[in-house]
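Here is a short report on one protein model. Please look over the sequence and the fold before reading on.

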Amino acid sequence: MLTYPIQLEEDEGTVMATSPDFPELTTFGEDRDEALLRSVDALEEVIAGRIHTGQDIPSPSNGEVGVGLPTLTAVKAILYQGMRDDGVGKAELARHLGWHLSQVDRVLDIPHHSRMDQMDAALGVIGRKLHVSAPART
């Protein structure tokens, strides 16, 4: 759904992973696969931090190597950035949905296991619709 580029660089027996889209992201692995795996966790932490501090979440740029966010994290990032882009605050979202403010906080909380129907409803308030597809098996 959202795949961010990751740059890998050998660094004294480990592999360092950074992202051009998130300058604050740096993680390491013993090899390429571990560095990419850790990059997913690091991306989630960076996005959670940006939501917490009210910063933009950029759209993914292009790169040779990328890691995809877990679906729920991607949907939360899309919701959050859509709210920012459209000037919709948490209180306004809560009013439209008939939710308490704490419910809105939870759907924007990256570690919280929000239900997809709640995410879809929240996206609808900001004029977005969740579409899910899966490629056919070959």
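The text below goes from the whole chain to one residue.

This is a predicted model, where local features need pLDDT of at least 70, side-chain atom pairs count only at pLDDT 80 or more, and totals for chains, interfaces and linings use all residues. Residues are numbered from 1 along each chain as its sequence is written, and side-chain values use heavy atoms, leaving out hydrogens and water.

The protein has 5 helices and 5 strands. Helices (H or I, at least four residues) and strands (E, at least two) are DSSP runs, numbered from the N terminus. Their order along the sequence is β-β-β-β-α-β-α-α-α-α.

| Property of the protein | Value |
|---|---|
| Span of the C-alpha trace along its principal axes | about 55 × 40 × 25 Å |
| Distance between the centres of positive and negative side chains | 12 Å |

The protein has 138 residues, and 39% of them count as buried. Buried means under 20% relative accessible area, exposed over 50%, and partly exposed in between (1.4 Å probe, protein chains only).

The charged side chains number 12 positive and 22 negative. Lys and Arg count as positive, Asp and Glu as negative; His and the chain ends are not counted.

Now to Thr3. Thr3 sits in strand E1, residues 3-5. Thr3 counts as partly exposed because its relative accessibility is 42%. Beyond residues up to four places away in sequence, Thr3 touches Pro60, Ser61, Gly66, Val67 and Gly68. Contact means heavy atoms within 4.5 Å.

Key:
Charge placed at Lys NZ, Arg CZ, Asp CG, Glu CD.
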